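Dear colleague,

Please find below the structure that I am handing over to you, followed by an account of what was found in it.

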Amino acid sequence: MLDIKFVRKNPEIVKENIRKKFQDHKLPLVDEVIRLDEKIREDKQVGDQLRAKRNTMSSNIGQYMREKKIDEANQMKAEVQKINQELEGLEKEEEELSEKLKKIMMTIPNIIDPSVPIGKDDSQNVEIERFLEPKVPDFEIPYHVDILEKVKGIDLDSARKVAGNGFYYLTGNIARLHSAVITYARDFMINKGFTYCIPPFMIRSNVVTGVMSFDEMDAMMYKIEGEDLYLIGTSEHSMIGKFIDTILNKEDLPYTLTSYSPCFRKEKGAHGIEERGIYRIHQFEKQEMIVVCEPEESKAWFEKLYHYTVELFTSMLIPVRTLECCSGDLADLKVKSIDVEAWSPRQKKYFEVGSCSNLGDAQARRLGIRIKGEKENYFAHTLNNTVVAPPRMLIAFIENHLQKDGSIEIPEVLRPYMGGLKEIRP
RNA sequence: GGAGAAAUACCCAAGUCUGGCUGAAGGGAUCGGUCUUGAAAACCGACAGGGUGUAACAGCCGCGGGGGUUCGAAUCCCUCUUUCUCCGCCA
């Protein structure tokens, strides 16, 4: 969400940005916003004058009442009633227009970083860098579910019976590996100076609508029946929600938090072979990182954040690459976004395992996350990034560490979390 | 789940019964200044936020959130949320 004052002063920049994102149908919205804003300010001024008049007259009535000048008081009461009638319509109009303005403002995309590559859709995303060599072994890598079944690490049949499609039982050493990855990732982030946090796994509707649009909510969030609660789709929801409507002290910044949570997603409209197995599921676990910082620091944090993920994956000897979202593929709220993709020797391509986003001040403006300034308060910048989401990363993990004999090698860094285990055998 | 009490600005807190010289007193903290070689103390000033408009002054909204009554609401009514105390239940 942009600053309306910015739109007012720089309509051309806003329009140019919309063109860069190939959303030309939104161009007329800019002028409409400016028109609405003008009308609202006009209403506000007229209303303020009426309210000022009412305030003085009301206190005059009090004065008359004390002096027992009943007639004068009653006469003035009638006058104020007239003002109130006038105000009623005006206030209603102001409210309606503000609502309309806000709605449109939500759909006008954030100004993207100048470094973002221009492109229409995800096919034009740009590879930034590769880490570790993407190897294809001389034996065939089976589908990940088959590998997992061979080591008795997954039970999808029972899960379908108990909870339906999109759930899994992880068992034995694979379940342990899953926990090991989470714990390793947690400690990895703590060592980077992040504060570990376990947030609520359910949040209220007002927090949900704060962090996402209605359509997103409908497509992702599970609602608890009979309660004003939703299961979180990512801990970012609870973690950013923590800061809604707060004014932060400079000396407490930056907030660098790493959070663990299960994530629940409806995943409406997901299908296809590569979306099956444990790639896209209704419930998974994730270690997340978020940063709330000074505006001028967000760019530097962005670079740091996705490099942490890269470092984490390469420390587990999983080849990754970074892929930058082009303008057209970038979500409206984001200034810049880079995905971390892991190598799949089976598919012989990279697939997404994490996503790092700099939201600039757009999220903060929307949620009222401010910093106490010398003279004026200003909006913070927010960023979020996946540390690791084990079920999906496990696909990359087992594919890259599968040995010819069907065993899965455990990289050095994870062994302490696996009781010293060096490999998982069939 | 049941009963009761409460929510005022960064913190403490008066005001609520009885609506109007409260467009929120007072204290602490913080920041700026005077004094001082420096500091403390004392004194003076600023001090929740959010809009609008101006050359400047001013004005509007704001007492947990939302709604209502009224000429006028921190104050009365409804509702939601949160906190505390007690009872019940339960890892």
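I begin with a residue pair in the sheet: K223 stands opposite Y230, the latter lying in β7. Please note that the model is a predicted one.

The strands concerned are β6 and β7 (residues 230-231), which pair in the antiparallel sense over two bridges. They belong to an open sheet of three strands, ordered β5-β7-β6, with antiparallel pairing. The edges are taken by β5 (202-203) and β6 (222-223); each has a single partner strand, so one side of each is left without a neighbour in the sheet.

A second finding concerns the surface. I190, Y196 and I198 make a nonpolar patch of about 270 Å². Of these residues, I190 lies in helix α7, which spans residues 172-191.

The last point is L87, in helix α4 (residues 70-107). L87 has a relative accessible area of 1% and is therefore buried, the limit for that class being under 20%. Leaving aside residues up to four places away in sequence, L87 touches G47, L50, R51 and R54. By contrast, P117 is 30 residues from L87 in sequence, and the C-alpha atoms of L87 and P117 are 50 Å apart in space.

With kind regards

Conventions
Residues numbered from 1 in each chain as written. Chains lettered and ligands numbered in written order. Predicted model: local features only at pLDDT ≥ 70, side-chain atom pairs only at ≥ 80, totals over all residues. Heavy atoms only, no water. Patch = residues over 30% accessible without salt bridge, like charges linked within 9 Å, V, L, I, M, F, W, Y side chains within 5 Å. Areas by Shrake-Rupley, 256 points an atom, 1.4 Å probe, with all protein chains shown as cover. Salt bridge = Lys/Arg side-chain N within 4 Å of Asp/Glu carboxyl O. Helix = DSSP H or I, 4+ residues; strand = E, 2+ residues; numbered from the N terminus. Pairing = 2+ DSSP bridges. Buried < 20%, exposed > 50% of the residue type's maximum accessible area, 1.4 Å probe, protein only. Contact = heavy atoms within 4.5 Å.
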